[in-house]
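Subject: Handing over the structure

Hi there,

Here is the structure I promised to pass on. Please have a look at it first, and then read my notes below.

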Amino acid sequence: MSAVEATLNKGQCTLDGKKIRGPITPLGNFVLVRTKDTLDATDGGILLPDQSKERATEGEVVAAGPGKLHPHTGVRITNPVVAGDSVLFGKFDGHDMNYNDEAVAMIRDDDILLHYKGVRMTLENVNPCRDYILVKLTKQKTETSSGIVVAESVMKDYEPCEGEVVKVGEGRMTSMGEFSGSPVKVGDRVKFKDYAGNGVKIEGVEHSLVRMVDVLCSLGE
């Protein structure tokens, strides 16, 4: 049982060290997320806690709002996640808070890259959120077409922008609350805009989460 859950059971709640009347209830399309403590490996193989990185981007949903109303049609765009789901969101998204002595963040549903149920991300349980697709990146080449070998140190900061689609989100939600569908399907090889992807390692393999509008084209076999 987490500190948040234990405190809720006692009927006492605090926010940034101050007592509040009761549990936080996210409004609209806001989502309250408890950030997860994970370990990552440096290039030398040393395991470091997330505190050494810019910030954690993986968390568990504590509570979710009902969703936002479309400004023109009044149709409610429901939240894609519920309490208990695990989510991945952007490094600099959301508002960090301390809720019942735990690090949490209040994010919008638009900030969610993927969601899943379970302890760890696997290809089987992850679901790209709405208009995101999950792409298994093509391994970068260390040799040019003319046969010149490129040093790995030069390629270290290179971000691949093509690969194979392995998971597809439901699509972008329209003003009438329906999904528009995806322009690509699982198995397609695609190229997307430079630096448009959000890198994530799943089961030891590098992938990227890309919005459907940032996919430039599908590639032939």
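How many disulfides does a search of the whole structure find? The search finds 0, where a disulfide is a pair of cysteine sulfur atoms within 2.5 Å.

Before going on, please note that this is a predicted model, in which local features need pLDDT of at least 70 and side-chain atom pairs count only at pLDDT 80 or more, while totals for chains, interfaces and linings use all residues. Residues are numbered from 1 along each chain as its sequence is written, and side-chain values use heavy atoms, leaving out hydrogens and water.

Back to the cysteines. The closest cysteine sulfur to that of C161 belongs to C217, and at 9.6 Å it is too far for a bond. C161 is buried, with 6% relative accessibility; buried means under 20% relative accessible area, exposed over 50%, and partly exposed in between, using a 1.4 Å probe and protein chains only. C129 is buried too, at 3%.

Strands here are DSSP runs of E with at least two residues, numbered from the N terminus. In soluble globular proteins, nonpolar side chains tend to be buried together.

Setting aside residues up to four places away in sequence, I202 touches M121, T122, L123, V126, L134 and H207, with contact meaning heavy atoms within 4.5 Å.

P128 sits in strand β13 (residues 127-128) and is buried at 6% relative accessibility. Although P128 and L113 are 15 residues apart along the chain, their C-alpha atoms are separated by 6.2 Å. Not counting residues up to four places away in sequence, P128 touches L113, L114 and L209, among others.

Is D214 buried or exposed? D214 is buried, with a relative accessible area of 15%. This residue D214 lies in the loop between β18 (205-211) and β19 (215-219). Leaving aside neighbours within four places in sequence, D214 is in contact with F192, K193 and A196.

Enjoy exploring!

Best wishes

Methods
Helices (H or I, at least four residues) and strands (E, at least two) are DSSP runs, numbered from the N terminus.
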